[in-house]
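Thanks for coming. I have one structure to show today, and I will go through it piece by piece. Please have a look at it before I start.

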Amino acid sequence: QVQLVESGGGLVQAGGSLRLSCTASGSIFSIQSMAWYRQAPGKQRDRIALISEDLNTNYADSVKGRFTISKDNAKNTAYLQMNNLKPDDTAVYYCYAIIANSPGTYRFQYWGQGTQVTVSS
């Protein structure tokens, strides 16, 4: 089995910064991609940043230029550096990964438990 564990959420004032971490552990052969999603109360869960196995990145327009996703392959860890935070960024942030557990097997989707980010005005 695979676990994704997030950390780094918290309360910050508008204009501030936070860095989220997500570490994958367990039965991991390869990680195809990792991503960050967020879900605000009463809204759907949306993907905001993605990083592929070859480190290509993709961002939602709402965070482009403010958030940066990165990955340390040796540690199976993805990061989300969030700068110039706004009250609209308040949400639960979830880590997501597509992982192969062993050679030649299907890749499965995994979710972290979520970490709360609250931005005060």
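A word on the source. This is a predicted model, in which local features need pLDDT of at least 70 and side-chain atom pairs count only at pLDDT 80 or more, while totals for chains, interfaces and linings use all residues. Residues are numbered from 1 along each chain as its sequence is written, and side-chain values use heavy atoms, with hydrogens and water left out.

Let me start with the disulfide. A disulfide is a covalent bond between the sulfur atoms of two cysteines. Here it is taken as a pair of cysteine sulfur atoms within 2.5 Å. How many does a search of the whole structure find? The search finds one. The partners are C22 and C95, with their sulfur atoms 2.0 Å apart. They link distant parts of the chain: C22 sits in strand β3 (residues 18-26), C95 sits in strand β9, and 73 residues separate them. Strands here are DSSP runs (E, at least two residues; helices would be H or I, at least four), numbered from the N terminus. The torsion about the S-S bond is about -80°, so this disulfide is left-handed.

Are the two cysteines buried or exposed? C22 is at 0% relative accessibility and therefore counts as buried. C95 is buried too, with a relative accessible area of 0%. Buried means under 20% relative accessible area, exposed means over 50%, and partly exposed is in between, with a 1.4 Å probe and protein chains only.

Next, D89. You will find D89 in the loop between β8 (77-82) and β9 (91-100). D89 has a relative accessible area of 1%, so it is buried. What does its side chain make a polar contact with? The partner is the side chain of R66, at 2.8 Å. A polar contact is a pair of N or O atoms within 3.5 Å; within protein, one must be able to donate a hydrogen and the other to accept it, and residues adjacent in sequence count only if both atoms are side-chain atoms. Leaving aside neighbours within four places in sequence, D89 is in contact with R38, R66, F67, N84, V117 and V119. Contact means heavy atoms within 4.5 Å.

Rolling a probe the size of a water molecule over the atoms shows where empty space is left. The search uses a 1 Å grid over the protein atoms alone; a pocket is an open set of points where a 1.4 Å probe fits, with protein on both sides within 12 Å along at least five of seven lines, and lining residues have an atom within 4 Å of a point. The volume is the space filled by probe spheres set on the points, which are joined across faces, edges and corners. For the largest pocket that volume is about 210 Å³. Of its 13 lining residues, R38, A40, K43, D46 and D88 are the closest to the centre. Both β4 (30-39) and β5 (46-52) supply at least two residues of the lining. The largest share, three residues, comes from β5. By class, the lining has four nonpolar, four polar and five charged residues. Nonpolar covers Ala, Val, Leu, Ile, Met, Phe, Trp, Tyr, Cys and Pro, charged covers Asp, Glu, Lys and Arg, and the others, Gly among them, are polar.

Now the loops. Most residues other than glycine have a negative phi, and most peptide bonds are trans. N76, in the loop between β7 (67-72) and β8, has a positive phi of about 50° although it is not a glycine. N76 is partly exposed, because its relative accessibility is 24%. N84 also has a positive phi, near 50°, and lies in the loop between β8 and β9. N84 is partly exposed, at 43%.

N84 is also touched by G16, along with M82, N83 and L85, not counting residues up to four places away in sequence. G16 belongs to the loop between β2 (10-13) and β3, and is buried at 18%.

Last, V63, in the loop between β6 (57-59) and β7. V63 is buried, at 0%.
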